[in-house]
Amino acid sequence: MSTTGATADPLAALGSLPGVAESVESVRKAVDRVYGHRVMRRRSNEITSEAALRGARGSAALSGADWALEEVRRRTDFSGDDEARVMGAALRLSAEAGQLLSIWRQSPLRVLARMHLVAAADKADQVGRPRQQGEPVDEPLIGQPLPGAAEVSGRLEGLSELIIAGSAAPALVTAAVVHGELLALRPFVSHNGLIARTAERIVLVGSGLDPKSVCPAEVGHAELGRAAYLAAFEGYLSGTAEGMAAWIAHCGRAVELGARESTAVCEALQRGAA
């Protein structure tokens, strides 16, 4: 992560970048619209469950398993080919995310390790710990050069310290930085994209912006498409003010689209069509 100048709260400094305040406000309005829907007052648990399913589908799509929603609902076995395993990992992470909220602010590295265990679903030596020097990474979507193991360790520690210390930054800014930093580092030998997007959701929920987890950013990231996702991520990697602001705005738009998706679910439930 790169910021524009040394500060005790670098995440808050990112909140002052041009256009970021507008993105934060737009996200807040989109989230408020969902929470203000009459269906949310009576059937919020159903909306949360549906958002988790749709978020997992969206995240898996970005990792190469672009399945129709009804196919995800229908399947019970996700142990077959590579795409099925990616989808299974996304679903497991989505289910696990809510259990990790209370641990995140105290021990984010422990949460990340747990997420890799859940996603990988095996007991190989490389599972549940940051990759070591020379270990390959299976992350086909992200083609940028891998940071070395020492850099990964140092930057993970820095990210952990920022989260534990807390920040005055808006939740969107923190979530975007966590997402971008994990994509940049790819700290595990597999499933880094799924983990990065789940961590983004944990921040959005744990911050109180989306406490019921009904605005799945993963849906929005998938809807915006891989090309836009990668272009915005290049902005994050650049470390420039413009690039960072563009990445934060992209993540904000993804949250807005996730909120729109759940609003549509609310409308369908109100009509008795879902």
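Here is our chat about the core, a helix pair and one aspartate.

Mentor: This is a predicted model, where local features need pLDDT of at least 70, side-chain atom pairs count only at pLDDT 80 or more, and totals for chains, interfaces and linings use all residues. Residues are numbered from 1 along each chain as its sequence is written, and side-chain values use heavy atoms, leaving out hydrogens and water.

Trainee: Which residues have the most contacts inside the largest nonpolar core?
Mentor: Trp104, Met115 and Trp247, in a core of 81 residues. A nonpolar core is a set of buried Ala, Val, Leu, Ile, Met, Phe, Trp, Tyr and Cys residues joined through side-chain atoms within 4.5 Å; buried means under 20% relative accessible area, exposed over 50%, partly exposed in between (1.4 Å probe, protein chains only).

Trainee: And what does Trp247 touch?
Mentor: Leaving aside residues up to four places away in sequence, its partners include His179, Leu183, Tyr229 and Phe233. Contact means heavy atoms within 4.5 Å.

Trainee: How do the axes of helix 11 and helix 12 cross?
Mentor: At roughly 140°, coming within 7 Å (residues 226-238 and 241-271). Helices are DSSP runs (H or I, at least four residues), numbered from the N terminus. Axes are lines fitted to C-alpha atoms, for helices over the stretch in contact, with angles from 0 to 180 degrees between N-to-C directions.

Trainee: New topic: is Asp32 buried or partly exposed?
Mentor: Asp32 is partly exposed, at 42% relative accessible area, and sits in helix 2 (residues 20-35).

Trainee: How far is Asp32 from Leu209 in space?
Mentor: 9.2 Å, C-alpha to C-alpha, although they are 177 residues apart in sequence.

How values were computed
Helices (H or I, at least four residues) and strands (E, at least two) are DSSP runs, numbered from the N terminus.
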